[in-house]
Amino acid sequence: MVISIALVNDYEVVVRGLSSMLRAYQNRVRILELDVNRELSQPVDIVLYDTFAATQGDRAELHALAANPLAAKVAVYSWNIDDALVRAALANGAHGYISKGLPARQLVAALEEIHHGSAKIYAALPGTGAVVAGDWPGREEGLTQREAEVLALITQGLSNTEIADRAHLSVNSVKTYIRSCYRRIGVNSRTNAVLWGIEHGFRPDRMRVTNPEPEPGAG
């Protein structure tokens, strides 16, 4: 049985990157929609909610998504596998919580298990190493996903305290990511970082792609 999926995030490059990651598994998962700041338009078995530069699973956005009658189930896809955050997401309506540290084959297996109502939490095994999966704005400039996420939130106008709250990081960690981000993109002020972000695709998008096709020659 092929599971129907909608991928949800505020950035086109993120959902397209995730779609590309799953392209080898079209016999098991079928992506019906890429939703970028848009609501679902058709029923799907699972909505995969990518938390890149978005609110985490403990906030109202996930609750509203889980309550949408078009979404049979919702899974959170995140680097944050903090126990309290996972519990809050599940209490908020998520049917599963998946680490971005999983390779594509394990991500697909997790989606299948969530669809069939089995285990809910999927964390990468210790010592397996980081999996660089999907895509994000600024990757081609050498930004890590965490640095890119912080820069995206800076570009949206959030303060360090607001970024820490949104991304579930300490303020000191946010400052560390900001400093490393500045070095990578060659700026020395928040104003210049925002301008750089605007010029390089760090403002949220708004679009929907139905039945996305894999990119020609991808893979």
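Predicted model: local features only at pLDDT ≥ 70, side-chain atom pairs only at ≥ 80, totals over all residues.
Arginine 184, with a relative accessible area of 44%, is partly exposed.

## Other salt bridges

The whole structure holds nine salt bridges. One of them joins lysine 100 to aspartate 50, whose closest N and O atoms are 2.6 Å apart; because lysine 100 sits in the loop between strand 5 (96-99) and helix 4 while aspartate 50 is in strand 3, the pair ties together parts that are 50 residues apart in sequence. Both lysine 100 and aspartate 50 are buried.

Within helix 2 (residues 60-67), the buried residues are Leu62, Leu65 and Ala66, and they line one face of the helix because, seen down its axis, they fall within an arc of 95°. These buried residues pack against strand 3 (44-50), strand 4 (71-78) and helix 3 (83-91), whereas the exposed residues Ala60 and Ala67 are carried on the face turned away from the buried side.

The largest pocket has a volume of about 390 Å³, and among its 18 lining residues those closest to the centre are Val8, Arg38, Tyr49, Glu61 and Leu65. Helix 2 gives the most to this lining, with three residues, and the lining as a whole divides into six nonpolar, four polar and eight charged residues.

How values were computed. Residues numbered from 1 in each chain as written. Heavy atoms only, no water. Buried < 20%, exposed > 50% of the residue type's maximum accessible area, 1.4 Å probe, protein only. Helix = DSSP H or I, 4+ residues; strand = E, 2+ residues; numbered from the N terminus. Arc of directions from axis to C-beta. Contact = heavy atoms within 4.5 Å. 1 Å grid on protein atoms, 1.4 Å probe; cavity = no way out; pocket = protein on both sides within 12 Å on 5 of 7 lines; lining within 4 Å. Points joined across faces, edges and corners; volume = space filled by probe spheres on them. Nonpolar A, V, L, I, M, F, W, Y, C, P; charged D, E, K, R; others polar. Salt bridge = Lys/Arg side-chain N within 4 Å of Asp/Glu carboxyl O.
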